[in-house]
Amino acid sequence: MAALTVAQAEECILAHAGDFGTECLPLGQAAGRLLRQEVRAERDQPPYDRVMMDGIACRAKAAFPLTCTGLQGAGQAPQSLPEGNTCIEIMTGAVLPHGADCVVPVERLRREGDQISLQPDTPQEVGQFIHPRGADCRQGVVLLRPGQYLGGPALAVLAANGVSQVQVGRLPSVGIISTGDELVAVDAPVEAWQIRRSNDIGVQGLLAGWGVHEVQRSWVRDAIAPLTAHLQAQLAAHDVLILSGGVSMGVFDHVPQALEQAGVKKVFHRVLQRPGGPVWFGIGPQGQRVFGLPGNPVSAMVCAARYVSVLLRAGQLGEAIRTVGGPSAPGLSELRLSAPVERLQNRTRFLPVQIRGAGEGVPCPVPTSGDFMTLAQTDGIVELPPGAEGNLQLSAGSPVRFYGW
């Protein structure tokens with residue numbers, strides 16, 4: 001199978017993303033999740049004619065001075081405005097008293113005892129500083145649809161409409177498997193020819209940023225038999241597997257063969273991109289989604305940010321919601337380059353960047369895909385589409401797709 005373009009790889013992932021299912025959470029635990037239900041207005045919003053300023057409620061045609069007959073605060077049942085040249089002292093957020101049709105702010109008034117006078121040139125208009133009932137929405141209208149990211153505003157809408165238990169997309173259980181005889185644990189003694197495992201903890205950090213916390217990290221040697229056995233055990237325990245290393249063409253790159261022996265069906269292997277070209281994706285015997293990421297640290301982080309994030313969101317939405325579409329999770333999806341950069345001929349280039357100002361990406365190229373020590377100073381990657389011979393440079397100010405760490 002020929003190497004895919006980045007767009008084709010994403011299409012394959014979406015086509016096989018499946019559905020992680022739905023779970024019901026208390027409202028206070030739903031932040032950052034994707035909604036799996038339709039939410040309608042519980043009642044008119046605002047549910048009453050709401051006073052917008054501290055001051056007095058009166059009749060617009062009343063002749064000043066007015067006699068103040070009472071005080072009404074927010075959260076109190078509406079009083080009735082007596083006939084004649086009368087008013088009721090009122091607070092912001094209170095329900096408009098019966099019989100009143102105008103609010104005059106306190107800073108436009110003069111008061112002596114219960115007598116209220118008006119400062120010169122102060123308007124008195126019907127509806128003044130009154131937020132009418134139902135002006136925002138009417139009872140029963142759809143406020144949130146499946147697929148909505150539950151950030152602060154959406155959570156406030158749920159609370160205001162009495163939704164205390166929320167149906168959201170279930171987050172998957174993820175197994176992260178590091179492969180390689182050269183790897184040792186972070187707290188183990190390390191020889192000159194060995195390196196500490198870092199890809200697994202880095203990918204786990206990305207997952208945590210996306211809300212996924214049910215994660216198990218493990219390590220296995222570069223040998224077919226133990227690798228296959230370990231894969232079978234991990235497939236039985238998780239919805240998603242993310243392997244790091246062993247997917248290229250070296251003598252010890254056993255991951256594709258071991259995955260096949262473990263019953264994982266390959267969807268694609270190799271994408272026309274740099275770094276991360278050898279990336280692998282397949283489907284397990286019970287529908288588990290499996291990624292084989294290159295072992296070079298920059299490549300592993302790039303492929304996780306670009307592809308694993310896509311699968312996690314799609315699986316939380318489910319196919320029915322994905323086909324309809326819905327609001328995306330927050331964050332920048334596009335940046336403008338702060339400086340010209342070189343594209344690659346006939347393949348996509350992923351370039352680390354720092355975000356500066358209002359949506360500007362400062363290129364931070366790394367010398368090799370193994371040189372990841374400066375990645376912590378970046379905010380994510382931008383996707384540079386393939387160039388053609390003689391037209392490889394993207395100028396400063398060019399819009400590019402952004403994927404955050």
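Is Phe-268 buried or exposed, and what is its relative accessibility? Phe-268 counts as buried, at 1% relative accessibility. The model is predicted.

**Aromatic cluster**

- Phe-268, Phe-281 and Phe-291 make up one aromatic cluster.
- The count of aromatic pairs comes to 2.
- In the pair of Phe-268 and Phe-281, the ring centres are 5.7 Å apart and the planes stand at 35 degrees, so the pair is tilted.
- Phe-268 belongs to strand 18 (residues 265-269) and Phe-281 to strand 20 (residues 280-283), so this pair ties together parts 13 residues apart in sequence.
- Phe-281 has a relative accessible area of 0% and is buried.
- Phe-281 also pairs with Phe-291: their ring centres lie 4.9 Å apart with planes at 45 degrees, so this pair is tilted.
- That pair links distant parts of the chain, with Phe-281 in strand 20 and Phe-291 in strand 21 (residues 289-293), 10 residues apart.
- Phe-291 counts as buried because its relative accessibility is 1%, and the cut-off for buried is under 20%.

**Strand 13: cover**

- Strand 13 spans residues 174-179 and is mostly covered, with 6 of its 6 residues buried.
- Both faces of strand 13 are covered.
- One side holds the buried residues Val-174, Ile-176 and Ser-178.

**Strand 13: pairing**

- Strand 13 pairs with strand 16 (residues 215-220) in the parallel sense, over 6 bridges.
- Within that pairing, Thr-179 has Val-220 of strand 16 as its bridge partner.
- Strand 13 also pairs with strand 17 (residues 240-244), again in the parallel sense, over 5 bridges.
- Here Ile-177 has Leu-243 of strand 17 as its bridge partner.

**Helix 1: two faces**

- Helix 1 covers residues 6-15, and Val-6, Ala-9 and Ile-13 are buried in it.
- Seen down the helix axis, the buried residues of helix 1 fall within an arc of 60 degrees, so they line one face.
- An α-helix has 3.6 residues a turn, so residues three or four places apart point the same way.
- The face of helix 1 turned away from the buried side carries Glu-11 and Ala-15, which are exposed.

Note on methods: Residues numbered from 1 in each chain as written. Predicted model: local features only at pLDDT ≥ 70, side-chain atom pairs only at ≥ 80, totals over all residues. Heavy atoms only, no water. Buried < 20%, exposed > 50% of the residue type's maximum accessible area, 1.4 Å probe, protein only. Helix = DSSP H or I, 4+ residues; strand = E, 2+ residues; numbered from the N terminus. Pairing = 2+ DSSP bridges. Arc of directions from axis to C-beta. Phe/Tyr/Trp six-rings, centres within 6.5 Å; stacked < 30°, edge-to-face > 60°.
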